[in-house]
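Have a go at each task before you read its solution.

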2 protein chains.
Amino acid sequence: MQQTDTRPLTDDELQGIDAYWRAANYLSVGQIYLLANPLLREPLRPEHIKPRLLGHWGTTPGLNLIYAHFNRVVRQRDREVLFVTGPGHGGPALVANTWLEGSWTAAYPNTTQDEVGMGRLFKQFSFPGGVPSHVAADVPGSINEGGELGYSLSHAYGAAADNPGLVVACVVGDGEAETGPLAASWHSNKFLDPVRDGAVLPILHLNGYKIANPAVLARIGDEELSALLQGYGYEPYLVEGSEPAEVHQALAATLDRCMDRIEEIQIEARSAPEPPPRPAWPMIVLRTPKGWTGPQVVDGEPVENTWRAHQVPLSGVRTNEDHLRQLESWMRSYRPEELFDDYGRPIAALVELAPGPDLRMGSNPHANGGALSRDLELPAVDEYAVPVKIPGAEDGEPTRVFGEFLRDAFRLNADNLRLFGPDETESNRLTAVYETTGKQWQADLLDTDNHLARDGRVLEILSEHTCQGWLEGYLLTGRHGLFSSYEAFVHIVDSMVNQHAKWLKTINRLEWRRPIPSLNYLLTSHVWRQDHNGFSHQDPGFIDHVVNKKAEVVRVYLPPDTNTLLSTMDHCLRTRNYINVVVAGKQPQPNWLDWEAAALHCARGVGAWEFASNDEGEPDVVMACAGDVPTMETLAAVDLLREHLPDLRIRVVNIVDLMRLQSEGEHPHGLPDAEFDALFTTDKPVIFAYHGYPWLIHRLTYRRHGHDNLHVRGYLEEGTTTTPFDMVVRNNLDRYHLAMDVIDRVPSLGSRAVSTRQYFADQRARHHAYVTTYGEDLPEVRDWRWTPR
Amino acid sequence: MQQTDTRPLTDDELQGIDAYWRAANYLSVGQIYLLANPLLREPLRPEHIKPRLLGHWGTTPGLNLIYAHFNRVVRQRDREVLFVTGPGHGGPALVANTWLEGSWTAAYPNTTQDEVGMGRLFKQFSFPGGVPSHVAADVPGSINEGGELGYSLSHAYGAAADNPGLVVACVVGDGEAETGPLAASWHSNKFLDPVRDGAVLPILHLNGYKIANPAVLARIGDEELSALLQGYGYEPYLVEGSEPAEVHQALAATLDRCMDRIEEIQIEARSAPEPPPRPAWPMIVLRTPKGWTGPQVVDGEPVENTWRAHQVPLSGVRTNEDHLRQLESWMRSYRPEELFDDYGRPIAALVELAPGPDLRMGSNPHANGGALSRDLELPAVDEYAVPVKIPGAEDGEPTRVFGEFLRDAFRLNADNLRLFGPDETESNRLTAVYETTGKQWQADLLDTDNHLARDGRVLEILSEHTCQGWLEGYLLTGRHGLFSSYEAFVHIVDSMVNQHAKWLKTINRLEWRRPIPSLNYLLTSHVWRQDHNGFSHQDPGFIDHVVNKKAEVVRVYLPPDTNTLLSTMDHCLRTRNYINVVVAGKQPQPNWLDWEAAALHCARGVGAWEFASNDEGEPDVVMACAGDVPTMETLAAVDLLREHLPDLRIRVVNIVDLMRLQSEGEHPHGLPDAEFDALFTTDKPVIFAYHGYPWLIHRLTYRRHGHDNLHVRGYLEEGTTTTPFDMVVRNNLDRYHLAMDVIDRVPSLGSRAVSTRQYFADQRARHHAYVTTYGEDLPEVRDWRWTPR
């Protein structure tokens, strides 16, 4: 690792930056401890101290140091910097800094930049209903919460994409650096385009300890660490020390060097006729003590630079007079009287060190992406619709057609839309997008490669975490995107989705945060069609996972065919502040609805399909279906029943918008009870063929009047490598079984249905014999078509 | 990266190993394509070809090569090697090799080592109900399914732990190497103890392409790659080529070198008086063409060494005569007539190249861990029980007491039990374990470190993925373990849990696989006590996630106090083939049950608490609770109701084993309907205070008679940084609200309860004013104790 030995700061500059750092440290300690007496106008007394001491000092002085130095960079270079805080519990630092520079007060005018405001700032921290110990959505300038760790770097790269003027400073904690998502995301530099994207400057902050353990990367020696970072494709610079003046000079010099290098790389790439080879972007390793400038020794135990500095170094201040005095002298060591005036306002010399209102990092408009965001320009979706003269007469490939729509959406949105996925854009049949754009790629190229492009708008890396992190970073800074993934493996990002859902819920309640484009999932390789992958690839539980989040944030769609997929995606791409989960197969399957019917059906979200129903007057049974395969099996069951039991009155109900099933009071999309009752009846059996785990339907409908009549079929965790029809048979979701369910539940059919039921059971047995012998489905199943009546 | 230039193989050895490789390649291609005519006794005709061509050729020849060479290593050195196959879709290779060496037939006697057996082997592959394209549980010798990618290396390290004689050869695919979990798990070498653990030899197989994209690590150049691997702490060796004879010599020489180096490291570590510095363990980078030895060009497009070789290189063999002829000449290029005798048996020269029955990698007993597994020696759990004379009179710290039990369990099981966690053993108050053992750690040490030990049995790294992967590897090889984590962040491993649950379901159906020790979770930092972390740390949905898996595999426990936690953990550590999820707080909380009552209550899983009930005859209301905090709030609500409405007859029911709520037919622990009805009644209101998302209770009980009377309170995704009581208030789970729910649901209380209800509502309002002013809960809430009556 390189170290610089220049000393670029004049004495005045050095003193200024140190004062700024002391001010931020003072404000940080104040947040952790003080309920009153913020300026220490009188000696600290127990009643000035919060009753519950919650917060994390350890990482804070390092963050304050980095922030202060970036203020200098921003001011001197007039460059826009987005500050991403990876370390967990970095809250006190970022709250302190954004208040000091004025961003906090701009977002929360009540928290003025004076003694009263400082008191409020201190009190709210880790206080009931206040701000948490992490850099959450409440903190101006933030796009990354350090609650669950590991996503800062992928967020940073997502933010830099299509923002050529932006530098994203990303502080990576040495704890979070141990996580898988973070470890994978260093490789983002093989994708970032120096021409069209901005720059990311990672600062790996080694303060040595986590809660109770040393950090791995802090204990492998400089040589290995340097090799690792060079192996990740970076040019690492080391800044190390515990003597403030020395560290200030070294960090300033290193930041200058890194910013120069970023500018050189960008100028070279942007002016060269041919793209130069992938650059080694600079990054910084900053090795400073954990809990730096805090108490050295408490109760005889060393604290600074150990794991004991992780949280609250002095824990007994309310009851232990020694601790109280030690806290006071710690706070006074920052010389607050030199930093704040009589009214508690930061002194003019400090104010001057922060960038002006346009460039303050805490006010960076990219971090309030909704405010910058432009709506997508979408092509007229009906022009992509497939003609459907007779329902079910012809097959379509829903995702292939949607791919054409997406291709043209890319044409209309050259810098505002991206598609993310592990490695499946092509296998998910969205191939048409490559007519407009390529896959972004800066690593080595070979002649046999396909669709790779320096400035491609499709991002594929075999890391769902990295895809999700990039996409989140892109959305949080106001742009639009779509994640296409295997249904089973999207569980890999379950916890990231949780955190994003929580972020969305939080920003819904923050007046100054504007709504951001929705997080859109297209899950196309789904549970029912894993013909050669088998059991490990079969899991429809992501839906169950997301519906636990706040109803205001979650939307789930199961379009049954091509035109409904088009309508659904067109809708989702126009929304904000949602998580839209769309599940739709990539395999050829019947087209049921023409465009007009599809658009209407999707607008309603749920509805009876008249072409398939014969329930004039009143139905004997409702056959409900949600999902493409269950819809086909339901229609095939109806076909069988209409043929064998023509008097039976069947109503077919299809559900596109799953949340319509919930009660109105539970979800904004919930169907009013009267409409639900009219559609599903309150007293007739409902045979419900559902895409996922059947009990979810019960959980969504348990308040509905007709709930006890619901009989749900779905995935029962029975799977293997097998044919499409065998999969539904194994889970009792097949047409024969659904038809048998109807016979079992409609007592009025009486004995005349006994032989029909037996015929259906025999067909299932015949299927089993056939598929295990020949390895494919019965011809009459494969070739089945809906019979229009 | 180092390259060897010795040529250790004699001509005979070279020809032998090449023949073995050809045989495995032949058997692999046969599996992908052939339904009949396995020995090509007649020219291939369309009816010999499977109707659905499913499988993956690309990665197969590389795996076959590595396996053949490890056979030589095992034979020559008489060393036990466990082969872990990371690349997805490596199934054909491992199925072929285990058949060739005899392990497959040992597991599946019907699949004989002759023409008939070969035919069956070919047919079953990717055939309905047969074996999938990955190295699933069906494959003898496997502990890792290449379905969802990224866990091979952590599995390998988990398997090596406490197996000092074992070498785990771990093939890492260049696709899976992009995943976060894999990227993090390289650092496992900072934990593995060369004295007491075995060795892991990673082979990073760069065949260059994934499904449709180049692999990142294949396109960063040898210099960066070498730096990366050295940075990860390894000594990388490069084997590269496409000329078989050259690659055979290079790979043989490199494997010899690596095995020598492993032996040197182990001898040095095991004989040194002081542990030597952490070694750089050897590893191999193998760069061979994707789809090597397969078709070079198909329909004019290059295939070998491109992404086109990923799956089935010739896709039209049933209908396209050219493809059929090309397949035949491809298969004949392996000269099967030289490899198999007239009966289809591998020729003697091949048989001799495989290790004998004791050392065949496909028969490695560690890979069928249940067969090797010893039960834990557990101390008498009742000796750790806390005395409880009056229910609720005193507080206990459940995890601290369990830590003492665990401490002594470590004492009794020196090589058979491990504890895993991100960084929280101490903060989760299991600190007593450090009296017996330390945290395993081979990286640099400092004086300020605590509890670190070369041979520690606690493993902490801030990567839930790595913890989970290590634990799975440890369990799959027959040992016992426990994962202690934050409840919210265990979602990080949702998808790994899915895969493990699927593995367990599969091995339940495989006669030759023996049950393995259960996967045990202790989630102690739970949703209700995230006092300083706030919203991002609040998510009880892991329970919802696991209950979607097969009922035979999943168990969920919510012990409400110290003694019930002890009893639950003692039980879980004795079980096999389950996933046991235990949620229990680490904070001081009332002890309710003495040991006798706790043991009985846990054995029943659910029961009425007589000390808290006054329902002689028949209750007016049932107050049910599951989870420690909901139990406390329920008891506090009962206390209020007994005081204010003494005539009200209340039955308190506590649920420890959540699966008791499901119907008998749905889950093996399900309470029979009659018992459920007797406990919960069929007609009285049930106010149910639940730890997690309330709808899960509805989903579990929707078939129960009294379901419509259930009124469930739980986590509503309302959270922030706040006090414990404010958290329950925000989610309507607090004592006052539960008491109000009772009043609202028991009509017989009539008007006499109106003023009481208002009093409870007023108390909630008072709480709000107090907590936002003083930052702590109302004294009467903090100091509340159950009133014995």
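**Exercise 1. A threonine in a loop**

Is B:Thr681 buried or exposed?

*Solution.* Some housekeeping to begin with. This is a predicted model, so local features need pLDDT of at least 70 and side-chain atom pairs count only at pLDDT 80 or more, while totals for chains, interfaces and linings use all residues. Residues are numbered from 1 along each chain as its sequence is written, and chains are lettered from A and ligands numbered from 1 in the order in which they are written.

Step 1: get the cut-offs. A residue is buried if 20 or more other C-beta atoms lie within 10 Å of its own, exposed if 12 or fewer, and partly exposed in between, with C-beta atoms placed from the backbone.

Step 2: apply them. B:Thr681 has 21 other C-beta atoms within 10 Å, so it is buried.

Step 3: B:Thr681 sits in the loop between helix H21 (673-680) and strand S21 (686-690) of chain B. Helices (H or I, at least four residues) and strands (E, at least two) are DSSP runs, numbered from the N terminus.

Step 4: check the backbone. Phi of B:Thr681 is positive, about 70°, although the residue is not a glycine.

**Exercise 2. An arginine with positive phi**

Find the loop that holds B:Arg429 and classify the residue.

*Solution.* Step 1: look between strand S9 (417-421) and strand S10 (439-440) of chain B, and there's B:Arg429.

Step 1: B:Arg429 has 21 C-beta neighbours inside 10 Å, so it counts as buried.

Step 2: its phi is near 65°, a positive value in a residue other than glycine.

**Exercise 3. A histidine and its contacts**

Which residues touch A:His669, leaving aside its neighbours within four places in sequence?

*Solution.* Step 1: two residues are in contact if their C-beta atoms, placed from the backbone, lie within 7 Å.

Step 1: on that rule, A:His669 is in contact with A:Gly605, A:Asp657, A:Met659 and A:Arg660.

Step 2: take A:Met659 from that list; A:His669 is ten residues from it in sequence and 5.7 Å from it in space, C-alpha to C-alpha.

Step 3: A:His669 lies in the loop between strand S20 (650-655) and helix H21 (673-680) of chain A. With 18 C-beta neighbours inside 10 Å, A:His669 counts as partly exposed.

**Exercise 4. An alanine in a helix**

Describe the surroundings of A:Ala409.

*Solution.* Step 1: A:Ala409 belongs to helix H14 (residues 398-412) of chain A.

Step 1: A:Ala409 has 25 other C-beta atoms within 10 Å, so it is buried.

Step 2: beyond neighbours within four places in sequence, A:Ala409 contacts A:Leu376, A:Leu378, A:Pro379 and A:Leu417.

**Exercise 5. How the two chains meet**

How many residues of chain B are in contact with chain A?

*Solution.* Step 1: 101 residues of chain B are in contact with 101 residues of chain A. H8(B) gives the most to this side of chain B, with eight residues.

Step 1: sort that side of chain B by class, and you get 33 nonpolar, 41 polar and 27 charged residues. Here Ala, Val, Leu, Ile, Met, Phe, Trp, Tyr, Cys and Pro count as nonpolar, Asp, Glu, Lys and Arg as charged, and the others, Gly among them, as polar.

Step 2: A rotation of 180° with 0.0 Å of shift along its axis does it, at RMSD 0.0 Å. The two copies are therefore related as by a two-fold rotation axis.

Step 3: find the residue of chain B that comes closest to the axis; B:Gly180 does, at 1.9 Å (C-alpha).

Step 4: compare the two sides. 100% of the interface residues of chain B are also interface residues in chain A, so the copies meet through the same surface.

**Exercise 6. A covered helix**

What covers the buried residues of H16(A)?

*Solution.* Step 1: twelve of the 15 residues of H16(A) are buried, so the rest of the structure largely encloses it. Among them are A:Met496, A:His500 and A:Trp503.

Step 1: the cover includes helix H15 (464-476), strand S14 (519-525), helix H17 (542-546) and strand S16 (579-583) of chain A, together with H16 of chain B.

Key: Copies are superposed by least squares on the C-alpha atoms of residues with pLDDT of at least 70 in both.
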